[in-house]
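Look over the sequence and the structure below.

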Amino acid sequence: GNNTGENNTTEPADTGENNSGVNGDGDIGGEMPEKNTEAIQPADTTKKDGAAKGQAVVDFAVQFVGNPYVYGGTSLTKGADCSGFVLSVYKEFGVSLPHSATADQKMGVAVASLDEARPGDLLCYSGHVGIYIGGGKFVHASNPRTGIKIGDANYRKILAIRRIFE
């Protein structure tokens with residue numbers, strides 16, 4: 001009877017959690033959903049913890065591995081090219097990047113070497129760009145055959161490494 005009205009109050013919290021889908025741990029109670037959205041809380045705009053933001057970018061980006069490469073595309077699910085992938089990932093974090101691998105070489109601040117790179121940094125190659133995920137690997141919209149994938153950051157000469165979140 002009357003109890004159904006009360007039980008409904010917990011359900012809206014569940015629907016919010018489904019958006020982030022990747023982490024199933026948040027199901028414990030109404031206070032937990034915060035955990036999945038740490039990367040986009042207002043406190044982050046202070047630029048204080050760039051490393052944490054970079055890692056959040058990576059955690060978001062790697063969900064799309066296996067999705068298609070589409071030249072000129074910016075859809076993380078239906079298909080993106082290299083700079084379209086980077087642009088769309090960073091857009092989720094309130095950053096506007098150009099749809100151009102060459103222009104990405106001038107974004108953010110320079111990082112001297114791969115040894116100093118950290119997760120979330122842009123790796124720029126001749127006509128190509130991806131997102132460093134750490135451990136010598138990067139995630140990128142590779143080509144029409146392999147789509148969005150994780151690869152070796154040194155697969156060819158890196159022209160620039162750019163840090164968006166200092």
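## What counts as buried

A residue is called buried when its relative accessible area is under 20%. Asp121 has 2% relative accessibility, so Asp121 counts as buried. Keep that cut-off in mind for the residues below.

## Confidence

This is a predicted model. The chain averages a pLDDT of 82. Of the residues, 71% score at least 70. Over residues 2–47, however, the pLDDT is below 50. Beyond near neighbours in sequence, that stretch has 20 contacts in the model. Where pLDDT is low, the predicted coordinates should not be read in detail.

## The salt bridge

How many salt bridges does a search of the whole structure find? The search finds 1. The side chains of Asp121 and Arg163 meet in it, at 2.8 Å from N to O.

Asp121 lies in the loop between β3 (109–110) and β4 (122–125). Arg163 lies in strand β8, residues 160–163. The pair therefore ties together parts that are 42 residues apart in sequence. Arg163 has 14% relative accessibility, so Arg163 counts as buried, and Asp121 is buried too, at 2%.

## The cysteines

A search of the whole structure finds 0 disulfides. A disulfide needs the two sulfur atoms within 2.5 Å. Cys124 is likewise in no disulfide.

Are these cysteines buried or exposed? Cys82 is buried, with a relative accessible area of 8%. Cys124 is buried, at 0%.

Key. Residues are numbered from 1 along each chain as its sequence is written. This is a predicted model: local features need pLDDT of at least 70, side-chain atom pairs count only at pLDDT 80 or more; totals for chains, interfaces and linings use all residues. Side-chain values use heavy atoms; hydrogens and water are left out. pLDDT is the predictor's confidence in each residue, from 0 to 100. Contact means heavy atoms within 4.5 Å. A salt bridge is a side-chain nitrogen of Lys or Arg within 4 Å of a carboxyl oxygen of Asp or Glu. Helices (H or I, at least four residues) and strands (E, at least two) are DSSP runs, numbered from the N terminus. Buried means under 20% relative accessible area, exposed over 50%, partly exposed in between (1.4 Å probe, protein chains only).
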